[in-house]
Amino acid sequence: MSAEKKKGFGSIEVVCGCMFSGKTTELIRRIEVCQHAGQKVQVFNSSKDKRYAVRAIATHDLKTIDAVHVGKAEEILALLKKDTDVVALDEVNFFGRDISTVALKIAGLGKRVICCGLDLDYQAVPFESTARLLAVADNVTKLSARCTRCGKPATRTQRLVDVKTRIYVGGAEDYEARCADCFRP
């Protein structure tokens, strides 16, 4: 056995919910807690998300934290630094199903992986990428917003624009948080 202590398996956390539920706000909060504890954190986002920043993740109220944007999940592995303690992944719903494999590989290196994204699309169909992460996660936090129609807890994302593609990156002018009763797929 070498003198170097073997690191154990890390962990995978998932923060999910509908739009405007505070997912990225929670992710940034967790990142800042890690940074204040002296941990080295790498933050990644999908290159599809260009709403508020191209070298950061951003909340809808424009709180940002630096991030690297990647096109495919496996690019994260090539960019991972050996001394990184925590890997934060925003907008995991924009990645393919292989994001769960990437998260498991990173956790296998003894790192904490915090994943954040939508659980359901605009028709209330689960995103496979997020669903697969939920299945392998050690910890899941599901957030809700407030329904813009009635004020009840919202778990759905109502698309307001007539766009039929599953992935359509938008903000408050394109989407609303809705409860199951007020949601119209």
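How many of the five residues of strand E6 are buried? In this predicted model, five of the five are buried, and E6 is mostly covered. The burial extends to both faces of the strand: Val86, Ala88 and Asp90 lie on one side and Val87 and Leu89 on the other.

Strand E6 has parallel neighbours. Strand E2, which spans residues 41–46, is joined to E6 by five bridges and runs parallel to it. Within this pairing, Phe44 stands opposite Leu89 of E6. Strand E7 also pairs with E6 in the parallel sense, here over four bridges. Arg112 in E7 is the bridge partner of Val86.

The largest nonpolar core comprises 21 residues, and those with the most contacts inside it are Ile12, Ile76, Leu89, Ile99, Val113 and Cys115. Two or more residues of this core are given by each of strand E1 (11–17), strand E6 (86–90), helix H3 (99–108) and strand E7 (112–118). Helix H3 supplies the largest share, with five residues. Apart from this core lies another, of 13 residues, including Leu27, Cys34, Val86 and Cys116.

Leaving aside residues up to four places away in sequence, Ile76 touches Phe44, Val70, Leu89, Ile99, Val102 and Ile106. Phe44, one of these contacts, is the residue that stands opposite Leu89 in the strand pairing.

A disulfide is a covalent bond between the sulfur atoms of two cysteines. For Cys16, the closest cysteine sulfur is that of Cys116, at 8.8 Å, which is too far for a bond. Cys16 is buried, at 2% relative accessibility. Cys179 is likewise in no disulfide. The nearest cysteine sulfur to that of Cys179 belongs to Cys182 and is 3.7 Å away, whereas a disulfide requires the sulfur atoms to be within 2.5 Å. Cys179 is also buried, with a relative accessible area of 2%.

One aromatic pair is present in the structure. The pair is formed by Tyr168 and Tyr175, with 6.4 Å from centre to centre and 45° between the planes, and is tilted.

Glu128 is located in helix H4, which covers residues 128–136. This residue is partly exposed, with a relative accessible area of 41%. Glu128 and Ser100 are 28 residues apart along the chain, and their C-alpha atoms are separated by 9.7 Å.

Note on methods: Residues are numbered from 1 along each chain as its sequence is written. This is a predicted model: local features need pLDDT of at least 70, side-chain atom pairs count only at pLDDT 80 or more; totals for chains, interfaces and linings use all residues. Side-chain values use heavy atoms; hydrogens and water are left out. A nonpolar core is a set of buried Ala, Val, Leu, Ile, Met, Phe, Trp, Tyr and Cys residues joined through side-chain atoms within 4.5 Å. Buried means under 20% relative accessible area, exposed over 50%, partly exposed in between (1.4 Å probe, protein chains only). Contact means heavy atoms within 4.5 Å. Rings of Phe, Tyr and Trp (its six-membered ring) pair if their centres lie within 6.5 Å; planes under 30 degrees apart count as stacked, over 60 as edge-to-face and the rest as tilted. Two strands pair if DSSP finds at least two bridges between them.
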